Amino acid sequence: MAIYALLDWDTLKKYDVSIKDFCKTAKGLKAKILQYRDKNSSIEEKYERVLEIKKYWKKPLIINDTVELLPYCDGIHIGQEDLQNLCDTYNLPAFEIIYAIKNGEWRIENGEFKIINDNSQFVNQNSQFSILNSQFIVGLSTHNKEEILEANKLPLDYIGLGAYRPTTTKITSNIIGEKVIDLIRFSNHPVAVIGGVKIYDKIPSKFKVIGSDICRLMSSRLKKKRIFKKK
């Protein structure tokens, strides 16, 4: 069971933890993947933070939902609503959306994410914005057996499953708790358990997604350092 570090910008601010210190701690915990989640900042601010994260994190970097920043990352984690919005925008089924994202059949044009398909009016193989013949990691949030079974039909690299516990980083009324152990068995994809997961939790999944607990650990260490310096 590997650690999948979740760098949530609002949580970093809450605990007064820097991107550099978070990445350093994630590396110390031997995290395999890091996801950057930021629900409130502008696209320009997110872009600058992605570049900063990449200074300190050399393993796979996943962007949460913000498809416009996918060219600068190794993959994307998508929520159920965000996937549906992409399906509605491009009038394509979920399988084709995931397949297109995963295989680089898209581009960023004038700051907007575009899916490339046979009916597209903007295909230009020579465009400097083309991201073709690339492979990207794609993960999808799931919350119950029905969503897991639907995810099994999609060409995903993993699913996020939760929430395991209540968490302050995201409002959720669906707390799975120990039922997560039974639900994991329904997935054909590797499972990353999300939501209130702690560093020392033992969960029989491929990944456990740790965010707030890393920040709490860092905050505690920084406080001890400040106290030591005052003595």
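Select serine 141 and glycine 160 to begin: in this predicted model, serine 141 stands opposite glycine 160 in strand S8, strands being DSSP runs of E with at least two residues and helices runs of H or I with at least four, numbered from the N terminus. Residues are numbered from 1 along each chain as its sequence is written, and side-chain values use heavy atoms, with hydrogens and water left out. Local features need pLDDT of at least 70 and side-chain atom pairs 80 or more, whereas totals for chains, interfaces and linings use all residues.

Then show the barrel, which 8 strands close in the order S1-S2-S3-S4-S7-S8-S9-S10 with parallel pairing.

Next, pick out the aromatic rings, where a search of the whole structure finds 7 pairs; rings of Phe, Tyr and Trp (its six-membered ring) pair if their centres lie within 6.5 Å, and planes under 30 degrees apart count as stacked, over 60 as edge-to-face and the rest as tilted. Tyrosine 4 and tyrosine 158 have ring centres 5.6 Å apart and planes at 65 degrees, so the pair is edge-to-face. This pair links strand S1 (residues 2-8) to strand S8, 154 residues apart. Tyrosine 4 is buried at a relative accessible area of 1%, where buried means under 20%, exposed over 50% and partly exposed in between (1.4 Å probe, protein chains only).

Finally, select Tyr90, Trp106, Phe113 and Phe136, which form one aromatic cluster.

Terms used: Two strands pair if DSSP finds at least two bridges between them.
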